Amino acid sequence: HNRSGKMNQNWKGGVSEDNMRYRKRFVQQNPDIVRIERETLYKIQGGVILRKPCKVCGNRNSEAHHPDYTTPDKVVWLCRTHHVRANRER
């Protein structure tokens, strides 16, 4: 049984307009950060940068975190939980 999207009892209509508005504002206010994140994604997909486990807990499902956007090629690998925490501390 397919219970994804509209078929899921918890479906609330997809991404809210608020989320899209916040993202659009972030992109407009931070074009350099968005460019660096996009370039990092392309490097990961192209095999130039290799994904590593989370530096804190070892979770293999990790994300690239930029502690300093002035050095875009220096990334720290963090799981989602630790990535959110690191960004909050910034």
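**Close-up views of a predicted model**

R35 is partly exposed, with a relative accessible area of 37%, where buried means under 20% relative accessible area, exposed over 50%, and partly exposed in between (1.4 Å probe, protein chains only). The model is predicted, so local features need pLDDT of at least 70 and side-chain atom pairs count only at pLDDT 80 or more, while totals for chains, interfaces and linings use all residues. Residues are numbered from 1 along each chain as its sequence is written, and side-chain values use heavy atoms, with hydrogens and water left out.

View A. A salt bridge is counted when a side-chain nitrogen of Lys or Arg is within 4 Å of a carboxyl oxygen of Asp or Glu, and the whole structure holds four of them. One of these links R35 with D32, with 4.0 Å between the closest N and O atoms, and the two residues are separated by about one helical turn because they are three residues apart in helix α2. R35 also meets E39 in a salt bridge of 3.4 Å, N to O; these two residues, four apart, both lie in helix α2. E39 counts as partly exposed, at 34% relative accessibility. Helices (H or I, at least four residues) and strands (E, at least two) are DSSP runs, numbered from the N terminus.

**View B. The salt bridge between E63 and R80.** The closest N and O atoms of E63 and R80 are 3.2 Å apart in this salt bridge. E63 lies in strand β1 (residues 62-65) and R80 in helix α3 (residues 80-89), so the pair ties together parts that are 17 residues apart in sequence. E63 is partly exposed, with a relative accessible area of 24%, whereas R80 is exposed, with 51%. Elsewhere, salt bridges that share partners join D32, R35 and E39 into one network.

**View C. The largest nonpolar core and T40.** I44, I49, A64, V75 and W77 are the five residues of the largest nonpolar core, a term for buried Ala, Val, Leu, Ile, Met, Phe, Trp, Tyr and Cys residues joined through side-chain atoms within 4.5 Å. Not counting residues up to four places away in sequence, I49 touches T40, K43, I44, V75 and W77, contact meaning heavy atoms within 4.5 Å. T40, found in helix α2 (residues 31-45), is buried, with a relative accessible area of 5%. Leaving aside neighbours within four places in sequence, T40 is in contact with I49, A64, H66, P72 and V75.
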